[in-house]
Structures are given as structure tokens and as C-alpha cells.
Amino acid sequence: MSSTVKSYAAVDLGASSGRVMVGRVGRHELELTEAHRFVNRPVRVPEGLRWDVLGLYAGVLEGLRVAGRVDSVGIDSWAVDYGLLDADGALLGNPVHYRDGRTEGVAETVWASVPAAELYAATGLQYAPFNTLYQLVAARSSDQLAHAERLLLIPDLLSYWLTGEQGTELTNASTTQLVDPRTRDWSYDVAARLGIDLSLFAPLRQPGNPAGELRPEVLEETGLDGPVPVTAVASHDTASAVAAVPASGERFAYICTGTWSLAGLELDAPVLTEESRTANFTNELGLDGTVRYLRNIMGLWLLQECVRAWGEPDLGELLRAAAGVPALRSVVDAGDAAFLAPGRMPERIAEACRASGQPVPDSPAEVTRCILDSLALAHRRAVEDAQRLAGHAVDVVHVVGGGVRNALLCQLTADACGLPVVAGPTEAAAFGNVLVQARAHGLVGDRADMRRLLGRTQPLTRYEPRGDTAPWRAAQARLAGG
């Protein structure tokens, strides 16, 4: 491998903000700096909830301008959402937000053609009402879909605008519920039974494949000197984040924390059993033929919505106050779809506690502690269930993403799981994005080499479990009604 140090731009779009990060990578060097951060705020218009994708693209261009000379660009984002293009390649409207209500009741229509058990056996994806499959069934009578010639998932849409070239990156495609995780290709039977035209999708790309070069107009707007290649990365942000878990060996679980918590294992093959389906585990594709076997948990969205409702109080003070609230006084199911929509989150959490006969939290500190205890309990359940269902034991839990900054949540997760938690890096998706680009250009080796470089160069914090897990088992039984 080369001893050269190169710079890579990682466009990393989360559900609430976007950022352009610059990674410097060498054989013994890995640094990440933020060039530009911008808000990602959905807009409610008369027809529903939409992404401001033009605002996001403007943020990407500004970020590349600030970043300056880079050797490659890679894009990752949240999953499932897409833009539709007409025959001229023009966008047919702002992409629909996955929290939009158009998919309500659609699952029953889908299951009438492809029963839920068959759908899981074919695609391995847990039920989530916003999966692309359900969005497409909800949209099949729309004028937009009728006039569409191409469907591009969000990172592929932005890549197309940067380069003029179209592709569908595999890790993100695997979240559509239209990919067979065994063949790592489209599930043609499922699509045919639901009347979904797979020719709408551009050809599949693998992480590390070239995705074109910045167009002359983009070079002019950003002030960059060409050519600047764009590299397909693991474009689902969770796939990039898992690639950046600084684990050694295979006996680890991961929790990618942020607006969502994605908790699970990295496996060599999918788990497609009926027991896995009823436990609501998903099999998404990762780097190098791996499977991300995980459960989606509502995550820090619960706290973000409460903080918004409370008028944005100081988060540090709120967490300090929550640390003083008695543990496990009240817990809610952090995977419950009742918490999916925005608005009235403190009231909805109080209502859930009241309905289950638990003490009702009535102060911000009590609500916050309820949320963090509930998330830690959900993390425990996911890690415990994943090991059992996959027959894959773990010795450590790696927490990556924005939740790394929440020391109380990390400690509670260690306590709940009864396992050490290693927290870091915070910007895991951006690190994974950068490292896949660097690997494609020969600066790092295999996945284990990527992880060793992360472990050597990034600050990590270890949390040891305190006490035994009996109180957490009791809270789990209480939540289950046992």
C-alpha cells in the first residue's frame, strides 16, 4: 500500500442535518474535519411532507467549495427515500419524506399479494411502513410515477446531479425491500407480484465502484480543478457507520445511534427464519458481502422531539438532571411506531406510561430519564435477541454515531446489556465513507485494516457495566406485561 496521504470529501446526510467532511488518509493517518454543516429540515406542503432536496444539493455544493481540493467525493444518506426523473433526467417533484402518511394501511394491500412471511423470506427486511416497497405501492396511481423514467435513491440522485451518471448503490438498494440478500440482486418475483417496474432503477453499483466525475458546471460553481472523481461508497449511512466500527474480531455487536438506533450484528449470511421476522430483525447488505442483521429502534428522535417541544433547553443541564432521577421508574417501548410521527412527544410518552400503569413522568428531567432508560432497554433486547436468533455470541458492544456524546446513554446501555461498551467514533458514517474511498484508491487494505486504522487514530471511551442486569430484566418483563 502507498504511503501517500490523500484527502476525500464525505457528503454525509442525516435525517436532521447534512455535512461535508474532509478526511485525510494515509497508511498511519486518519483525520476528519468538518468543512460545512447545514440543516436538513423537511417541509410540509398541501400534498404532504417533503424533503428540500434542492436545499440539500446547495449545501453539498457549498461544502465542496469550502472543502477545496480533494482526491474523490463520496455520498451517504438515510435510506428508503427517492427522487423520480422524467425522460429528460429532470426531477418530477420533491422527494416524499418517509414520515409522510401516504403509506398508512398500504402494508395490508402488499400482504394480500405477497404475504408478510413470504416477503421476509424473499427480502429479509423487517416490517417498516416507510420501506421503499410500500412507498411505491402507495404511489402507483400517481401522475409522477406514471411519468417517471428513472428512480434514484437520495445519495444516487445527488451523485447524478454532480456527475451526470446514474447508478443504484447496493447497500442502500437493500433497504428498499426489493433486494434478495442471498443473491445480492433484485428480488424479481416480489417486484413482479406487486407490479413494481425494476427497470425504473439504474444499474446496481458496489461500494468502491467509480461513479463518474464532477461535471464542468459543478467544478465552476465549487471552484475545484478537475478531474474530481466521485466514488460509490456504502451509501446507506448505517452501512458506512458499521464499516467504521473499530472492532477487532467478530464477537461484537454494534449500535449506530442518532435519530435512530440501529442495533445488531455483522454476519456473513442473512437470517431469514420466521422467528427472526416476528422479532422484527432486518437483513441489510453491508461492505464486502456482509449482512447487517439489526433492529431499528426509534433512537434519540424521542429526545430530539421533546427538546423541541420544551423550547430547546440546554441539553447538558437536562442530562445532568436526568442522571439524578431514579432509574427505571418508567419505561416505554422505544420501537413502537406510535412514536414515529413528529409532535407532542412528551405527552405521548406520558400517555404510554399511564396506559401501562407506570408512574407518569411530569418534568423534563423525568421524561428524559424515561427515554434514556427505554433506549438502553431496547438496546439490551436487540443485542440479546440478535445473538440468540443468529447463533452469534458477542463480548463487547460498540456504540458509534451521535449518541457517543451522550455518556449517560452509553453507560446505561453497558448496564442494561451487562457488557462493556466501547463508544466512538461519533462521525462513524463519514469515517466509513472516507475509508471506502481511500480503499478504492489503494490507501488502506481490507475491512479489518480499516478498523485497525480507526482504533489506532480515534479517541474511544470504554464503559464497564455496573451491578447486575436483574433490574433491567424486571423492567423488560414489566414492559412486556409479564
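This report describes a predicted model, taking its nonpolar cores, some helices and strands, and its salt bridges in turn.

In soluble globular proteins, nonpolar side chains tend to be buried together. The largest nonpolar core of this predicted model has 135 residues, and those with the most contacts inside it are Val25, Leu158, Leu302, Ile349 and Val397. The element that gives the most to this core is helix 15, with 12 residues.

Val25 shows what such a position looks like in detail, for even when residues up to four places away in sequence are not counted, Val25 touches a list of residues that includes Thr4, Val5, Leu30, Val434, Leu435, Ala438 and Leu453. There is also a second, separate core of 31 residues, and among its members are Val137, Leu145, Leu151 and Leu170.

An α-helix has 3.6 residues a turn, so residues three or four places apart point the same way. Helix 2, which covers residues 106–113, has Val106, Ala107 and Val110 as buried residues. These residues lie on the same side of helix 2, because they cover an arc of only 100° around the axis. What the buried residues of helix 2 pack against is helix 3 (116–123) together with helix 4 (132–139).

Leu119 has its place in helix 3. With a relative accessible area of 1%, Leu119 is buried, because buried means under 20%. Leaving aside residues up to four places away in sequence, Leu119 touches Val110, Trp111, Val114, Gly124, Leu133, Tyr134, Gln177 and Val190. For a sense of scale, Leu119 and Arg44 are 75 residues apart in sequence, and their C-alpha atoms are 32 Å apart in space.

## Thr163 in helix 6

Helix 6 spans residues 154–163, and Thr163 is found in it. Is Thr163 buried or exposed? Its relative accessibility is 10%, so Thr163 counts as buried.

The side chain of Thr163 has polar atoms that lie close to two backbone atoms, for the backbone nitrogen of Glu165 is 3.0 Å from a polar atom of this side chain, and the backbone oxygen of Ala211 is 3.4 Å from one. If residues up to four places away in sequence are not counted, the residues that Thr163 touches are Ala211, Gly212, Glu213, Leu214, Arg215 and Val230.

## Strand 18 and its partners

Strand 18, made of residues 291–297, is mostly covered, since 6 of its 7 residues are buried. Strand 16 (residues 261–267) runs antiparallel to strand 18 and is joined to it by 7 bridges, and in this pairing Leu265 has Tyr293 of strand 18 as its bridge partner.

Strand 17 (residues 282–285) also pairs with strand 18 in the antiparallel sense, over 4 bridges, and here Asn283 stands opposite Tyr293. Strand 17 and strand 18 form a hairpin with 5 residues between them, and in the turn Asp288 has a positive phi of about 60°.

## Salt bridges

Side chains of opposite charge can pair when their charged atoms come close. The structure holds 31 salt bridges. One of them joins Arg215 to Glu217, with the closest N and O atoms 3.1 Å apart. Arg215 is partly exposed, with a relative accessible area of 25%, and Glu217 also counts as partly exposed, at 47% relative accessibility.

Glu275 and Arg388 meet through their side chains in a salt bridge with an N to O distance of 2.7 Å. This pair links distant parts of the chain, since Glu275 is in helix 11 (residues 274–278) and Arg388 is in helix 15 (residues 364–390), 113 residues apart. Glu275 counts as partly exposed at 46% relative accessibility, and Arg388 counts as partly exposed at 47%.

Which parts of the chain does the pair of Arg405 and Glu427 link? The side chains of Arg405 and Glu427 form a salt bridge of 3.9 Å, N to O. Arg405 is in the loop between strand 19 (396–401) and helix 16 (407–417), while Glu427 is in the loop between strand 20 (421–423) and helix 17 (428–440), 22 residues apart. At 60% relative accessibility Arg405 counts as exposed, whereas Glu427, at 16%, counts as buried. Finally, a network of salt bridges links Glu266, Asp288, Arg439, Arg447 and Arg451, and Asp288 is the residue named above in the turn of the hairpin.

Terms used: Residues numbered from 1 in each chain as written. Predicted model: local features only at pLDDT ≥ 70, side-chain atom pairs only at ≥ 80, totals over all residues. Heavy atoms only, no water. Salt bridge = Lys/Arg side-chain N within 4 Å of Asp/Glu carboxyl O. Buried < 20%, exposed > 50% of the residue type's maximum accessible area, 1.4 Å probe, protein only. Helix = DSSP H or I, 4+ residues; strand = E, 2+ residues; numbered from the N terminus. Arc of directions from axis to C-beta. Contact = heavy atoms within 4.5 Å. Polar contact = N/O pair within 3.5 Å; in protein donor to acceptor, adjacent residues only side chain to side chain. Core = buried A, V, L, I, M, F, W, Y, C linked by side-chain atoms within 4.5 Å. Pairing = 2+ DSSP bridges.
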